[in-house]
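The sequence and structure are shown first.

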Amino acid sequence: MCGIVGYIGKKQAAPVLLEGLSKLEYRGYDSAGIAVRGNGGKIDVVKTKGRLQLLIDKTENGNALFGTSGIGHTRWATHGEPNETNAHPHVSEGGKIVLVHNGIIENYAEIKEKLLSHGYTFYSNTDTEVATKLIAYYYEKYGGALEAIERFILRVRGSYAIAVMFADLPDRIYAARKDSPMIIGAGEDSVYLASDVPAILKYTRNVYYIENLEIAVMETDGVRFYNVDRTEIEKMPVHITWDAEAAEKGGYEHFMMKEICEQPKVITDTVNYVLKDKKIDFTEIGLSDKLIRATKRITIVACGSAYHAGVVMQYVMEGLARIPVRVELASEFRYRKPILERGELVVVISQSGETADSLAALREAKRLGAKTLAVVNVLGSSIAREADFVFYTKAGPEIAVATTKAYTAQLIAGYLISLKFAVVKKTISEAASAAITDGILRLPAQVEALLSDRERIQKFAAKMTGTKDVFFIGRGIDYALSLEGSLKLKEISYIHSEAYAAGELKHGTISLVEEGTLVCGVITQETLAEKTVSNIVEVKSRGAFVVAVAAQNLLPKIEKIADFTITIPETAPQIAASLAVIPLQLLSYYVSANKGLDVDKPRNLAKSVTVE
Ligand code: F6R
């Protein structure tokens with residue numbers, strides 16, 4: 001979702017800005033633009049609709065724009081269609097103020113009315129132009145850039161990360177944020193700004209996290225931070241240790257395939273984070289045994305795939321630790337006036353740690369007095385900073401919009417948290433806990449084996465490109481996994497797909513099954529296998545073409561019925577989703593790639609959904 005970059009220093013700014021924007025492409029966008037302060041002081045703005053490459057071509061790799069400071073933006077349309085006029089940067093009358101923005105200004109209509117009454121005119125449909133002119137209005141009225149931004153912060157509702165250039169303040173870029181991510185990097189004689197770390201990693205590893213309602217003033221020789229009351233604040237940079245390579249394709253055709261193949265390592269790294277001498281140690285997470293014992297109920301909130309990981313965790317936690325667990329979409333939880341009981345722990349799962357609904361759900365849970373545990377991948381993200389406890393998944397930077405390795409890491413976190421609760425609450429025997437732990441430790445090698453046998457899936461996927469509808473069915477954890485398999489397929493292949501609890505199909509949906517309809521049955525849970533097989537027989541007898549993803553030991557139950565089978569190695573049923581998800585990811589990937597689609601950046605989607 002919208003990417004922001006900024007640079008002030010001694011180098012030519014435009015190539016740096018374009019390079020930064022290219023590193024943020026994964027966030028999703030439909031137009032792009034940059035603004036550079038030319039040597040004469042005038043700020044030049046260049047924008048294009050569509051791919052960043054068009055902007056790169058239009059500015060001759062940025063070489064056609066002279067000047068050593070500037071801001072840039074990739075826009076994911078919210079207010080107004082994706083076109084050049086609505087693209088950022090936006091400018092105030094006479095080009096005095098130039099601004100880029102990520103987020104949504106909720107009260108923009110009312111502010112626009114006010115500005116119209118003061119004689120301002122508008123050329124675009126965006127809330128960002130309103131933000132630009134509001135700052136222009138305050139700048140005109142009060143005379144100071146800091147004061148104008150402070151007034152802006154106090155006046156607007158919603159979320160934003162903004163970077164602003166003032167035509168008559170040549171040596172500075174101003175930035176501020178609320179509920180939208182933005183970081184600042186300090187290099188030698190240069191300061192960088194970006195929505196996310198990969199955009200600046202080539203230049204510096206010293207990163208400042210701007211908190212909500214803080215203002216940053218960037219100059220060539222450094223950056224200063226202010227509170228909303230304009231008091232200067234001290235901030236220490238965080239040194240980023242992960243490698244820039246981690247955010248590059250490394251020989252793979254797509255980030256998604258690279259990230260699928262990284263999963264064995266991701267599992268190992270996430271396990272090693274808390275497993276010490278085969279015992280789960282939560283010292284780093286801070287969640288004490290006392291608090292675990294006092295936990296009476298758990299509510300998991302998340303969005304999209306993270307929600308699907310939460311559904312798996314619900315089954316595993318309830319099964320192992322015998323605690324009632326409810327899993328809920330963050331966008332529903334935040335508005336439904338949830339009732340949280342004493343002793344309730346709210347677990348928020350999020351790769352980015354910036355998803356607007358998940359962040360709001362976390363705040364609501366805290367407001368209601370619950371203890372909160374975040375399962376987050378991005379270090380220092382908003383959800384990680386605001387939760388009481390953080391379990392960091394160790395997936396590393398995930399660039400493909402469709403999550404694979406972060407989902408896998410979320411599953412692992414869910415198993416380990418559930419096991420920890422079960423051990424502390426003494427709801428499973430030591431032997432049972434040791435068996436599951438051993439199973440988790442075997443997962444990386446088993447995933448590796450599944451990955452090395454991907455050609456069969458690739459060949460099958462080639463036949464699926466014309467498919468119009470797919471149903472994924474399963475029971476228990478297999479249902480939870482079906483939700484993810486279905487989302488993965490539809491989001492990158494644009495094939496309509498639905499996931500159903502297998503037993504639910506005959507309550508309506510089965511009427512859609514006809515000759516050739518593709519049904520994917522997931523069968524990893526021994527106790528439920530026969531029931532799912534019966535449901536598969538039902539669709540098969542109505543003409544469905546059946547693909548079965550089945551555990552090795554359950555294969556005899558299904559191989560005669562299914563048209564195509566994919567086998568996964570045997571493991572403990574609680575953790576089987578980590579194996580069965582691999583063929584489902586591969587299937588989606590190959591279908592999308594075969595259709596020639598933009599696998600890493602599917603249409604209309606954004607990596608980090610920072611608006612609701
Ligand atoms: C799907 C996908 C999304 C995210 C969802 C939550 O492949 O990636 O459904 O899972 O937008 O994002 P995070 O985990 O960043 O909160």
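How many bridges join strand E20 to strand E21, and do these strands run parallel or antiparallel? In this predicted model, strand E20 (residues 344-350) and strand E21 (residues 371-376) are joined by six bridges and run parallel.

Strands E20 and E21 belong to an open sheet of five strands, in the order E19-E18-E20-E21-E22, with parallel pairing. Strand E19 (325-329) and strand E22 (389-392) stand at its edges; each has a single partner strand, so one side of each lacks a neighbour in the sheet. From one strand to the next, the twist averages 20°.

Helix H11 (residues 356-367) lies across strands E18, E20 and E21. Helix H11 runs at about 165° to E20.

## Ile298 in strand E18

Strand E18 spans residues 297-302 and contains Ile298. Is Ile298 buried or exposed? Its relative accessibility is 2%, and because burial is defined as under 20%, Ile298 counts as buried.

Ile298 and Val346 are 48 residues apart along the chain, yet their C-alpha atoms are separated by 5.8 Å. Apart from neighbours within four places in sequence, Ile298 is in contact with Met317, Ile323, Pro324, Val325, Arg326, Glu344, Leu345, Val347 and Phe421.

## Nonpolar cores

In soluble globular proteins, nonpolar side chains tend to be buried together. Here, the largest nonpolar core comprises 164 residues. Within this core, Phe391, Tyr415, Phe421 and Ile558 touch the most other members. Phe421 is also one of the contacts of Ile298.

For Tyr415, the contacts beyond four places in sequence are Val312, Val316, Ile440, Leu443, Gln574, Ile575, Ala577 and Ser578.

## Cavities

The lining of the largest cavity consists of Met1, Cys2, Arg75, Trp76, Thr78, His88, His101, Gly103, Asp127, Thr128 and Val611. The elements that give two or more residues to this lining are strand E6 (97-105) and helix H4 (127-142).

Conventions. Residues numbered from 1 in each chain as written. Predicted model: local features only at pLDDT ≥ 70, side-chain atom pairs only at ≥ 80, totals over all residues. Heavy atoms only, no water. Helix = DSSP H or I, 4+ residues; strand = E, 2+ residues; numbered from the N terminus. Buried < 20%, exposed > 50% of the residue type's maximum accessible area, 1.4 Å probe, protein only. Contact = heavy atoms within 4.5 Å. Core = buried A, V, L, I, M, F, W, Y, C linked by side-chain atoms within 4.5 Å. Pairing = 2+ DSSP bridges. Axes fitted to C-alpha atoms, helices over the stretch in contact; angles between N-to-C directions. 1 Å grid on protein atoms, 1.4 Å probe; cavity = no way out; pocket = protein on both sides within 12 Å on 5 of 7 lines; lining within 4 Å.
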